[in-house]
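Me: I have a sequence and its model here. Please take me through the contacts and spaces, briefly.

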Amino acid sequence: MSDSISTDIVVIGSGVVGALTARKLALAGRQVLMLEAGPRIKRDDIVTNFRHSARKDDFIAPYPNSDIAPFPDYKPQDNGYLDQTGPHDYKPEYIRVVGGTSWHWAAQAWRLVPNDFRLKSQYGVGRDWPLSYADLEPYYYEAELLWGVSGPAEMAKYSPRQQPFPMPGVQKSYLEQRITERLAPKYEVLTNTTGRNSVPYDGRPQCCGNNNCMPICPIDAQYHGGIAADAAEKAGVKLVSQAVVYKLEHDSKGKITALHYYDWDKVSHRVEAQVFVMAANAIETPKILFMSADDKNPHGLCNNYDQLGRNLMDHPSNSATFYVDEPLWPGRGPMSPSSIQQLRDGAFRAESAAFRVDFSNSSQVAGVTAAAIKEGLTGTALDDAIRFRAARQLSVKNVMEQLPDRNNRTLLSTRKKDALGLPVPAFSYSYDDYVEKGMQHSLAVYADIAAMMGAKQVRYSTPGVYSNNQHITGTLAMGFDEKTSVTDHVGKAWDFDNLYMVSTGVMPTVATANSTLTACALGLRTADAILGKL
């Protein structure tokens, strides 16, 4: 084992949340060390990998996976990193590299709506947050400035703002213009708020409509964690990659004293610090805390009341696909350009899940071509089918809230280990009637949209089978007391005075917005708490 390293603050994980938190701490004059289990990567290399990949629909494929710091991969077959214990499989996609999973995201940057913070008080379901929308609003804006968020002023009616968006919304594609116009009598379709430049911003160009925002924006018009990690290093953060943290040490006085990590040569290192910040995702952070079990904490650290890893939530989705009655030619501009916000809140939430409706603008050419060939079409018939379907096929999906359920959880596998001999994550996961009612509500909305668009051949996703959106939340939930949560209102662990968590995992409810902007806002607020500013 190497000699111990000492620093003021150590941040575990270099994703966008951890990197921006580390940057803020370093700018305040603290000595900050940031550890990342995965390797460094370059945008140019990932773009090249994507261009050469035969699996353009596999957003994981361009990114380097390793036996030392593995992450889930399901194509062409499941790599088995995650252990599914049922009753439903939970198959998140995330990557372990410097910058984290936001390298291959859609950069959606909605805020939550005010009632999301008081779900229990307002509707009698779920749980309330230990802070309000007003408490988080200035930190939302701080995060938006760092990302470079673009969006329409109309979004403020759903999530009130004290300041305008840093940039106006990205220019609407023809598809978005036509959907907005045709659905206007009943549904308000708004350009999405995104970490995507509509004008040059922060030294990066504006979006030029490459239409492969996932798995990688080839020109960096779209913000991602790699940019955040670079900014952290420029602020003075020392970043060590290929450092797999596997254990925390503590004393008898409620303090974490050190951590241990393996480098990729399987050599163990020890780091001492005054403050420890857990910034891995909502699966890998509980994994580290579970692995840190000792005689005093046989079930893992921060788990005196059996809350660690529980209340796992994501955004389950169903969908509909159909041919509209005019050419829209999806594939020009961002892949997910617009959405309906109206169903994100309302009295119905007392009985049925809220949701957002998203419209896809991904190119349909490859998919419809493969389907037409499979049908046996050739020659002119094949050409006509491709042209008609690629121009007119439209897909819509929901992003469905899921209530916290203590039986939905991540824990350590008792059956599988990785190449370092560390247990892999395991899941217990299911859906309740609240989600099922929301799914039925969504189907009625899809049928309505299809009718307004003059749709033919409406195809719905398989009933009862839902995809997830990789918005992993709840496993480190903040709350009002240690018996029902893992962290307090600033993300500090109840059990340790110098252990903080910045992650989507601290969110007590998942609501209906992609989770990363909220997690960044919470992380920036936690940084202020560490610095004594709250």
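Me: How many salt bridges does the count come to?

Reply: This is a predicted model, in which local features need pLDDT of at least 70, side-chain atom pairs count only at pLDDT 80 or more, and totals for chains, interfaces and linings use all residues. Residues are numbered from 1 along each chain as its sequence is written, and side-chain values use heavy atoms, with hydrogens and water left out. A salt bridge is a side-chain nitrogen of Lys or Arg within 4 Å of a carboxyl oxygen of Asp or Glu. By this rule the count is 32 salt bridges.

Me: Which side chain meets Arg 111 in a salt bridge, and at what N to O distance?

Reply: Side chains of opposite charge can pair when their charged atoms come close. For Arg 111 the partner is Glu 137, with N to O at 3.0 Å.

Me: Why does that pair tie together parts 26 residues apart in sequence?

Reply: Helices (H or I, at least four residues) and strands (E, at least two) are DSSP runs, numbered from the N terminus. Arg 111 lies in the loop between β3 (83–87) and α3 (119–123), and Glu 137 lies elsewhere, so the pair links parts 26 residues apart in sequence. The place of Glu 137 is helix α4 (residues 133–147).

Me: Is Arg 356 buried or exposed?

Reply: Buried means under 20% relative accessible area, exposed over 50%, and partly exposed in between (1.4 Å probe, protein chains only). Arg 356 has a relative accessible area of 1%. That makes Arg 356 buried.

Me: Which residue forms a salt bridge with Arg 356?

Reply: The closest N and O atoms of the pair are 2.7 Å apart. The partner of Arg 356 is Asp 358.

Me: How far from Arg 356 is the C-alpha atom of Gln 342?

Reply: Gln 342 is found in the loop between β10 and β11 (355–359). At 31% relative accessibility, Gln 342 is partly exposed. Gln 342 and Arg 356 are 14 residues apart along the chain, and their C-alpha atoms are separated by 7.6 Å.

Me: Where does Glu 375, the salt-bridge partner of Arg 389, lie?

Reply: The side chains of Arg 389 and Glu 375 meet at 3.0 Å, N to O. Arg 389 is buried at 14%, whereas Glu 375 is partly exposed at 49%. Arg 389 lies in helix α9 (residues 379–392), and Glu 375 in the loop between α8 (365–374) and α9.

Me: With which side chain does Asn 469 make a polar contact of 2.4 Å?

Reply: Asn 469 is in the loop between β15 (456–460) and β16 (499–501). Asn 469 is buried, at 12% relative accessible area. Its side chain contacts that of Ser 317 at 2.7 Å. The contact of 2.4 Å is with Lys 397.

Me: Which residues lie closest to the centre of the largest cavity?

Reply: On a 1 Å grid over the protein atoms alone, a cavity is a set of points where a 1.4 Å probe fits but cannot get out, a pocket is an open set with protein on both sides within 12 Å along at least five of seven lines, and lining residues have an atom within 4 Å of a point. Grid points are joined across faces, edges and corners, and a volume is the space filled by probe spheres set on the points. The largest cavity has a volume of about 80 Å³. Of its 13 lining residues, the closest to the centre are Arg 196, Cys 207, Asn 210, Cys 213 and Cys 217.

Me: What residues lie nearest the centre of the second largest pocket?

Reply: This pocket holds about 290 Å³ of space. Its lining has 17 residues, and nearest the centre are Asp 89, Lys 91, Tyr 466, Ser 467 and Asn 468.

Technical notes. A polar contact is a pair of N or O atoms within 3.5 Å; within protein, one must be able to donate a hydrogen and the other to accept it, and residues adjacent in sequence count only if both atoms are side-chain atoms.
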